[in-house]
Amino acid sequence: GLQIGAFSSLEVRSTLYTSKEVSRKIPYERPYPGPPGLVLALTGLSLDWALPHLAASASDIYSASFTANLLSRQPYYSGRLSWLAIPPEDKDFQYGTVRAKSIGEDRPAIMVIRLVQFQRKFASPPKVILWLSEVELGQCIRISAERIYTYGFSVRFETNDPAKTVNDAMVSWVAYPTDKPGIFSGTASTETRRPTTSPQLYNTGYIRFPEGVFKEAPRVMVGLNYLDLGSKQHSRISVQSSNVSIFGMTWEADAWRDTVVSGAGISYLAF
């Protein structure tokens, strides 16, 4: 079945030894008959304000393990990702990635829309979850899925500052049938709790699961889908879930030191 996990650059090196790339081989709890599908999401970062870029990627994907990579164009302090492995024989889940900008494209825009076509049509419009797997900050970045049909959907990349444009970003997505039992997904954001004009370092909220979906505490994959950090300080954020039960879970989006968190949001998949 589905498996999830996490990887942090701090497992390999400390923030004192900055580098552009940190990688580690990650074994699955249970090997698959063949290489699984892998979906990655950024869950934490600590980047220099001058070039705040970070990308999560997977390589050497085999039936028993894969290599998780956290890459940047400049040496960075730390990064963290979560991962979801989808069995190679699974027919319910579809997944992929979408980039905000095409190769060579450099036209300014506060909103970019990319179309995604499913490899197989769903019987009815599916549930679609999006996570940021690569970011180039310096402005607010927000991703959302819209116009979800049986054959595909649209990804909206946007920034809320008219003076700035959507820089490069990559989205990882997962789609599954809405009637699939034992699974629940959604989003949460600081925006439902406070305005962006009142930044704070520590942000938390509670998500209720529908009654009867889970018989035991589910496993949860969490990742970023929205970030609005001050551009004059280092970019720092860490998101996670805690207190997971059959009834719901707590989510947290925290920063430290002088980072300004105007807003942050997560997408989650519980199963």
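Which residues have the most contacts inside the largest nonpolar core? Trp 83, Phe 157, Leu 227 and Tyr 268 do. The views below are of a predicted model.

**View 1. The largest nonpolar core holds 61 residues.** A second core is separate and has 14 residues, including Leu 2, Val 39, Ile 86 and Val 174.

**View 2. An open sheet is built from 6 strands.** The order is E1-E6-E3-E16-E17-E14, with antiparallel pairing. Strand E1 (3-8) and strand E14 (202-208) are the edges, each pairing on one side only. From one strand to the next, the twist averages 20°.

**View 3. E1 meets strand E6 (residues 78-86).** The two strands run antiparallel and are joined by 6 bridges. Ser 8 stands opposite Arg 80 in E6.

**View 4. Ser 19 lies in strand E2 (residues 19-27).** Ser 19 counts as partly exposed because its relative accessibility is 21%. Leaving out residues up to four places away in sequence, Ser 19 touches Arg 13, Gln 74, Pro 75 and Tyr 76. Its side chain makes a polar contact with the side chain of Arg 13, at 2.9 Å. A polar atom of the Ser 19 side chain also lies 3.3 Å from the backbone oxygen of Glu 21. Ser 9 is 10 residues away along the chain, and the C-alpha atoms of Ser 9 and Ser 19 are separated by 9.9 Å.

Conventions. Residues are numbered from 1 along each chain as its sequence is written. This is a predicted model: local features need pLDDT of at least 70, side-chain atom pairs count only at pLDDT 80 or more; totals for chains, interfaces and linings use all residues. Side-chain values use heavy atoms; hydrogens and water are left out. A nonpolar core is a set of buried Ala, Val, Leu, Ile, Met, Phe, Trp, Tyr and Cys residues joined through side-chain atoms within 4.5 Å. Buried means under 20% relative accessible area, exposed over 50%, partly exposed in between (1.4 Å probe, protein chains only). Two strands pair if DSSP finds at least two bridges between them. Helices (H or I, at least four residues) and strands (E, at least two) are DSSP runs, numbered from the N terminus. Axes are lines fitted to C-alpha atoms, for helices over the stretch in contact, and angles run from 0 to 180 degrees between N-to-C directions. Contact means heavy atoms within 4.5 Å. A polar contact is a pair of N or O atoms within 3.5 Å; within protein, one must be able to donate a hydrogen and the other to accept it, and residues adjacent in sequence count only if both atoms are side-chain atoms.
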